[in-house]
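Please read them with the structure open.

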Amino acid sequence: MKIQESLRLKGIAENLIPGITQTFSKSPLMFTQGVSPVYVERGEGCFLWDVDGNRFIDYTMALAPCILGYNYEPINRRIVEQLSKGIIFTLPHRVEVELSEKLVELIPCAEMVRFGKNGSDMTTAAVRLARAYTGRDYIACCGYHGWHDWYIAVTSRNYGIPEDVGKYTLTFKYNDIESLERLFDEYSGKIAAVIMEPVSVEPPKDGFLEGVRDITRKNGALLIFDEIVTGFRFSIGGAQQYFGVIPDLACFGKAMANGMPISAIVGRKEIMKLFERVFCSFTFSGETLSIVAALQTIEELINKNVIKHIWGEGKKLMEGLKDLIREKSIEHLLDIKGYPPRNVFLFKGGDEETSLRYKTLFQQECIKRGLLFTGAHNLSFAHTQEVIEKTLSIYEEVMEVFKKTIEEDRVSEAIEGSIVQPVFRKV
């Protein structure tokens, strides 16, 4: 596989763009350099072509937004139609009302809506709103919530943030209700909200989400679901609809417009009305191309039973992977976690560095066979049964190489590029 043009562009970018990209999760840290392509040229369905002309099956789907697939014609057509009328204006556009009405109709907790451009916009807006509503300063969080100071201050990426900022953000463990109870005991009457991903890849224990909801109600705090990833993927109304636990506020993005930049915060009217005083304002939050793309995406999701499709094909993929792992007797090295619409590989190296070497080897062998592997499977409407079958055949070959290389203790010499790195290190 030739990647000369990718490497040429990378060499130029190193002098122009810090990290050579706009998003940590797309950076060279995530891909074994020297083997993996660096730059993409185009996408179609669930396939990507890099700048050297190599074609890959893709499951990351631009970090999960492209739930219908790349270059999806009905979305493109709707964007072009709106483009001929204008993109952004001095006054609000009527499509803002249309999309707000649709979200209130579909999302259980939604009574009012505000738009943004990315997930970090909305999680930060939710935190600010909760503090204003409760008159409290502390936030309890679980999961990933974007790049803004209030959250990143408590991660390993906290460079450039004043130390005092992090003291107002408290962390608890998913599926450990006692860890949350301890925070409310220690900071009694001071916690404005609990913000959490309702689910990532670990299923919630029976009663866990209900327990979080009950604790917030008992203590006068708000419950905020970060549904940037789960929204429009687990169900049309998000994970809150799927699990039947309704938060006070929720944040949506990612799959909302099949790749166009838009996000939303929705919630109870009495809380959302505070946005008339709480400052949350974006020049481009009413940009019409993204809004009509969201309207068309929702229409496609409903009319074409897309969520049923991604659950069905995702189940085939997960079951096939579990069968392969068992057949190859590599359960001690590899596992698949999550739900059919979104699942990830877990590499079991005993320690983080060994696990990263295993992931690098696995990624390298996938890329050689035309699968752009990041470890995650964000299923889309474009992932057909034929694609799933091809994917499983690639994984079968890769698992055989993976197993043999580890058994022969040749991992380090077999890796042809750099070792992949996580965006966050444990703190």
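This is a predicted model: local features need pLDDT of at least 70, side-chain atom pairs count only at pLDDT 80 or more; totals for chains, interfaces and linings use all residues.

1. Is E327 buried or exposed? E327 is exposed, at a relative accessible area of 56%; the cut-offs are under 20% for buried and over 50% for exposed, with partly exposed in between (1.4 Å probe, protein chains only). E327 lies in helix α11, where helices (H or I, at least four residues) and strands (E, at least two) are DSSP runs numbered from the N terminus.

2. Residues are numbered from 1 along each chain as its sequence is written, and side-chain values use heavy atoms, with hydrogens and water left out.

3. The largest nonpolar core has 108 residues. Such a core is a set of buried Ala, Val, Leu, Ile, Met, Phe, Trp, Tyr and Cys residues joined through side-chain atoms within 4.5 Å. L99, L103, M196, F345, F362, Y395 and M399 have the most contacts inside it. Helix α13 (residues 385-407) gives the largest share of this core, nine residues. A second, separate core has 28 residues, including I152, L222, M272 and C280. In soluble globular proteins, nonpolar side chains tend to be buried together.

4. What does M399 touch, leaving aside its neighbours within four places in sequence? M399 is in contact (heavy atoms within 4.5 Å) with L321, L324, I325, K328, I330, L334, F345 and F362.

5. Helix α11 (residues 306-327) and α13 have axes that come within 10 Å and cross at roughly 20°. Axes are lines fitted to C-alpha atoms, for helices over the stretch in contact, and angles run from 0 to 180 degrees between N-to-C directions. The two helices are therefore roughly parallel to each other; angles under 35 degrees count as roughly parallel, over 145 as roughly antiparallel, 65 to 115 as roughly perpendicular and the rest as oblique. On the α11 side the contact includes E313, K316 and L317, and on the α13 side it includes Q385, I388 and M399. By class, this contact of α11 with α13 has eight nonpolar, three polar and three charged residues. Here Ala, Val, Leu, Ile, Met, Phe, Trp, Tyr, Cys and Pro count as nonpolar, Asp, Glu, Lys and Arg as charged, and the others, Gly among them, as polar.

6. Helix α12 (residues 352-368) also packs on α13: the axes come within 9 Å and cross at roughly 140°. That makes α12 oblique to α13. Y358, L361, F362, E365 and C366 of α12 meet Y395, V398, M399, V401, F402, T405 and I406 of α13. The residues of this contact of α12 with α13 divide into ten nonpolar, one polar and one charged.

7. Two residues other than glycine deserve a look for positive phi: A62, near 65°, and N258, near 55°. A62 sits in the loop between β3 (55-58) and α2 (73-83) and is partly exposed, with a relative accessible area of 30%. N258 sits in the loop between β9 (249-252) and β10 (263-267) and counts as buried at 9% relative accessibility.
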